[in-house]
Amino acid sequence: MRIEQDLKLGFKDVLFRPKRSTLKSRSQVELAREYTFKHSGRKWSGVPIVAANMDSVGSFAMAASLAEHGALTAIHKHYTVADWADFVATADSKVIQNVMVSTGTSDKDFQKTFDIMALSEEITFICVDIANGYSEQLVEYVAKVRAAFPDKVITAGNVVTGDMVEELILAGADIVKVGIGPGSVCTTRVKTGVGYPQLSAIIECADAAHGLGGSIIGDGGCSCAGDVAKAFGGGADFVMLGGMLAGHTESGGDVIEKDGKKFMKFYGMSSKSAMDKHSGGVANYRAAEGKTVLLPFRGEVGNTIQDIMGGVRSTCTYVGAAKLKELTKRTTFIRVLEQENNVYGKE
């Protein structure tokens with residue numbers, strides 16, 4: 001046993017230090033970025049925000065809406081190949097190019113991914129997603145997927161340390177998904193005692209990935225637009241959002257009436273709700289590691305994504321970054337003990 005003494009930070013522990021800027025308006029800030037991915041050689045340009053592959057977030061309807069803003073959606077694993085075929089047949093090219101096909105690591109998952117990718121050459125992204133990215137099985141599976149799809153952009157995770165980021169990139173991942181336990185409906189840290197403060201995880205993993213020509217997605221922990229900006233400032237190439245995009249018309253799921261108000265159910269993908277729905281219940285060898293909550297129904301997601309993008313643009317003006325790509329170079333974080341004045345409650 002050993003203890004690492006250096007402090008690790010979450011989004012609540014820091015604020016941006018403002019800097020002189022020549023920008024006159026938020027409208028001058030360019031949020032779109034262009035990436036060329038290490039292994040596939042593919043280029044992609046757009047706003048690097050990703051809807052999480054949760055079945056109460058990562059829906060086909062969400063993909064259609066976010067694509068209008070240039071953003072990505074990681075489609076959840078539980079659509080069938082037939083569902084995908086219907087989607088590909090009706091969606092326009094821009095939407096198809098801005099989705100990720102999510103998969104686990106079983107032989108059945110591999111065949112399903114193969115069948116989905118065969119539906120359209122325009123499907124570009126594969127997201128290999130398991131809770132514990134430290135499994136050797138993930139590394140082997142990424143290599144298998146890379147061999148089968150040499151020209152596709154492969155994302156893999158989740159991990160929180162640079163050594164594993166490097167191993168996944170060397171195995172064939174273009175992008176590594178970073179985050180264990182920071183999500184709003186994730187209880188992994190409580191159930192297992194395992195995790196890593198998200199901002200420090202992003203900073204350390206981005207450094208490792210960029211040294212090899214790879215990229216990372218900061219996955220989880222964002223509760224407001226300022227957190228999204230901090231993730232980008234810390235070096236994340238993409239930021240994945242779950243709870244911030246849940247509770248909308250496009251999120252999937254039923255609207256529930258309660259005491260005259262409308263709500264939508266939101267739950268972690270390792271929660272009892274998810275396992276009851278997709279796996280016939282919680283297996284007797286494991287514990288549920290997610291919450292189930294009711295969120296106030298928030299209507300269409302367009303207003304929310306515009307608010308998030310507006311907040312990030314504002315961050316850029318405060319530190320003098322004309323483009324999102326410049327934000328991390330213009331970032332100085334200061335450690336703080338408070339974030340906001342809540343005398344009248346939270347917004």
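This is a predicted model: local features need pLDDT of at least 70, side-chain atom pairs count only at pLDDT 80 or more; totals for chains, interfaces and linings use all residues.
Me: Which way does strand 7 run against strand 8, parallel or antiparallel?

Reply: Start with the general idea. Strands of a sheet pair through backbone hydrogen bonds, in either a parallel or an antiparallel sense. Here strand 7 (residues 125–129) and strand 8 run parallel, joined by 5 bridges.

Me: What do the strands build, and in which order?

Reply: They build a barrel. Its 8 strands close in the order 4-5-6-7-8-9-10-11, with parallel pairing. From one strand to the next, the twist averages 25°.

Me: How many bridges hold strand 10 and strand 11 together?

Reply: Look at residues 215–219 for strand 10 and residues 238–241 for strand 11. They pair in the parallel sense over 3 bridges. Asp219 stands opposite Met240 of strand 11.

Me: Which strands does helix 9 touch?

Reply: Helix 9 (residues 225–233) packs on the sheet and touches strand 4 (49–51) and strand 11. Compare directions next: that of helix 9 makes about 145° with that of strand 11.

Me: Now two helices. At what angle do the axes of helix 4 and helix 5 cross?

Reply: The axes of helix 4 (residues 107–117) and helix 5 (residues 136–148) cross at roughly 25° and come within 12 Å. The two helices are therefore roughly parallel to each other. The crossing of helix 4 past helix 5 is right-handed.

Me: Which residues make that contact?

Reply: Helix 4 supplies Asp107, Asp109 and Phe110. Helix 5 supplies Tyr141, Lys144, Val145 and Ala148. By type, this contact of helix 4 with helix 5 has 4 nonpolar residues, 3 charged and no polar ones.

Me: Let me try a single residue. Where does Ser200 lie, and is Ser200 buried or exposed?

Reply: Ser200 lies in helix 8 (residues 198–211). Its relative accessible area is 8%. Ser200 is therefore buried.

Me: What is Ser200 in contact with, beyond its neighbours within four places in sequence?

Reply: With those neighbours left aside, Ser200 is in contact with Leu7, Lys8 and Leu9.

Terms used: Residues are numbered from 1 along each chain as its sequence is written. Side-chain values use heavy atoms; hydrogens and water are left out. Axes are lines fitted to C-alpha atoms, for helices over the stretch in contact, and angles run from 0 to 180 degrees between N-to-C directions. Helices (H or I, at least four residues) and strands (E, at least two) are DSSP runs, numbered from the N terminus. Angles under 35 degrees count as roughly parallel, over 145 as roughly antiparallel, 65 to 115 as roughly perpendicular and the rest as oblique. A crossing is left-handed if the near helix is turned anticlockwise from the far one by less than a right angle, and right-handed if clockwise. Contact means heavy atoms within 4.5 Å. Ala, Val, Leu, Ile, Met, Phe, Trp, Tyr, Cys and Pro count as nonpolar, Asp, Glu, Lys and Arg as charged, and the others, Gly among them, as polar. Two strands pair if DSSP finds at least two bridges between them. Buried means under 20% relative accessible area, exposed over 50%, partly exposed in between (1.4 Å probe, protein chains only).
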